Amino acid sequence: MIKKMFALSTVLSGILLISGCSQKKEASDINMTSQTRDVFAMDTFMNMKAYGQNADIALSEAEKRILQLEEELSVTNETSDIWKIDHSDGKLVEVSDDTAIIINKAIEMGDRTGGALDITLYPVLKEWGFTTGDHKIPGEQTLKRLLENVDYSKVNIDGDTVSLPEDVEIDLGALAKGYTGDEIMKSMAGNGISSAIVSLGGNVQALGTKPDGSNWKVAVRDPFAPDTDMCIIEIADKAVITSGNYERYFTADDGSVYWHILDPADGYPADNGLVSVTVIGDCGLDCDALSTALFVAGYDGARKLLKSDPSFDLILVSDDHRIYYTEGIADCFTNISSMEAEVISLD
Ligand code: AMP
Ligand code: MG
């Protein structure tokens, strides 16, 4: 089914942070000191940088929030909301506001993308071994059987109460980091920080500008050579979130490569012409949901969604080595790769 072959020696996710320049600010702002903090959570290396006198306290609070969210959202931790939902045998489960917000968003984005995002794919992901690293190609019959229970519309949510039919299980891996980024930013702002940036694996989120008033420069990785950068995008107060087939994958004995973003239509790795999707927008949760969904939906699906909702920007990379980006970022997008880049036409 999937014939593309890659010679990727390392598994890398997303984006690097580098500094940038434009408007001016007061000298006192420019001279602000910064603090950084590394956290390993949600199976991801996270790096946070905050500027200002309160930076150390703000980083500690943000770290606490990350660990709290990990506890609520982990699919394997037996006290998490998700574990309780997945082992509820059809009974009602009371969840945190965080979990409820993310599940509601997952259902909304499932609807908006024609089911490309489906949080009930979890049993299929387990069968492929993407949850444990013990990879295997599922048999056709097994996939068929498991797909019978894949349907996000079977998730019932009413306020903070969730129920699922037996045999349906969910996982919020496609959205959890985007929400976490949003919550880090809220926590930082609540602690008096106006300039901060975080990288959660492939996801970058920025609070404000750099202290000197300049935009943050964020490098997006080349999906064909993930240890090099493909383009630079200048942002302030935005999330830049990438889903790519190079982030988690395995190579079968015959050389075929299988990656971790599955198409709910057939249970196989989504192979609809895109190898990387970066979504740029105000809300990390929306961007994260969309990056995974549009990876599945492909170029035409992405274009269709953009036409109905122009509130986000995109950088798409196709499997024939072309970059497509939205008009909205034309002035802050720099292609540093040898691939051709063109604006996505909405006509
Ligand atoms: P992301 O890195 O945000 O694209 O999320 C990828 C993760 O989402 C995978 O590792 C799976 O846990 C999960 N996933 C894979 N395919 C889908 C899908 N079509 N819908 C929802 N979640 C998915
Ligand atoms: Mg995602």
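A residue is called buried when its relative accessible area is under 20%, and exposed when that value is over 50%. Keep that cut-off in mind for strand β11. The model is a predicted one.

Strand β11 spans residues 239-244. How many of its residues are buried? The count is 6 of 6, so by the cut-off of under 20% the strand is mostly covered. Both faces of β11 are covered. On one side sit Ala239, Ile241 and Ser243. On the other sit Val240, Thr242 and Gly244. Each of these residues is buried.

What does β11 pair with? One partner is strand β8, residues 203-207. The two run antiparallel, joined over 3 bridges. In this pairing Gln205 faces Ala239 of β11. Another partner is strand β14, residues 274-281. That pairing is antiparallel too, and it counts 6 bridges. Here Gly244 stands opposite Ser276 of β14.

Most residues other than glycine have a negative phi.

Asp89 belongs to the loop between α3 (81-86) and β4. Its relative accessibility is 52%, so Asp89 counts as exposed.

β5 pairs with β6 (residues 161-163) over 3 bridges, in the antiparallel sense. Within that pairing Asn156 stands opposite Ser163 of β6.

Now turn to the helices. Two packed helices are described by the angle between their axes and the distance between the axes. Take α2 (residues 55-73) and α4 (residues 97-112). Their axes lie 10 Å apart, and they pack at an angle of about 65°. The two helices are therefore roughly perpendicular to each other. The crossing of α2 with α4 is right-handed. On the α2 side the contact uses Arg65, Leu69, Glu72 and Leu73. On the α4 side it uses Asp98, Thr99 and Ile102. By class, the contact holds 3 nonpolar, 1 polar and 3 charged residues.

How do α7 and α8 lie? Helix α7 covers residues 176-190, and helix α8 covers residues 284-308. Their axes come within 7 Å and cross at roughly 165°. That angle makes α7 roughly antiparallel to α8. The crossing of α7 with α8 is right-handed. From α7, the contact draws on Ala176, Lys177, Gly178, Tyr179 and Asp182. From α8, it draws on Gly284, Leu285 and Asp288. These residues divide into 3 nonpolar, 2 polar and 3 charged.

Two buried loop residues close the tour. Ala270 lies in the loop between β13 (257-259) and β14. Its relative accessible area is 0%, so Ala270 is buried. What does Ala270 touch, leaving out residues up to four places away in sequence? Its contacts are Trp259, Ile261, Leu262, Asp263, Phe295 and Val296. Lys210 lies 60 residues from Ala270 in sequence, and their C-alpha atoms are 37 Å apart.

Thr326 sits in the loop between β16 (322-325) and β17 (333-335). Its relative accessibility is 6%, so Thr326 counts as buried. Setting aside neighbours within four places in sequence, Thr326 is in contact with Leu306, Asp313, Leu314, Val343 and Ile344.

Terms used: Residues numbered from 1 in each chain as written. Chains lettered and ligands numbered in written order. Predicted model: local features only at pLDDT ≥ 70, side-chain atom pairs only at ≥ 80, totals over all residues. Heavy atoms only, no water. Pairing = 2+ DSSP bridges. Helix = DSSP H or I, 4+ residues; strand = E, 2+ residues; numbered from the N terminus. Buried < 20%, exposed > 50% of the residue type's maximum accessible area, 1.4 Å probe, protein only. Axes fitted to C-alpha atoms, helices over the stretch in contact; angles between N-to-C directions. Parallel < 35°, antiparallel > 145°, perpendicular 65-115°, else oblique. Left-handed = near helix turned anticlockwise from the far one by under 90°. Contact = heavy atoms within 4.5 Å. Nonpolar A, V, L, I, M, F, W, Y, C, P; charged D, E, K, R; others polar.
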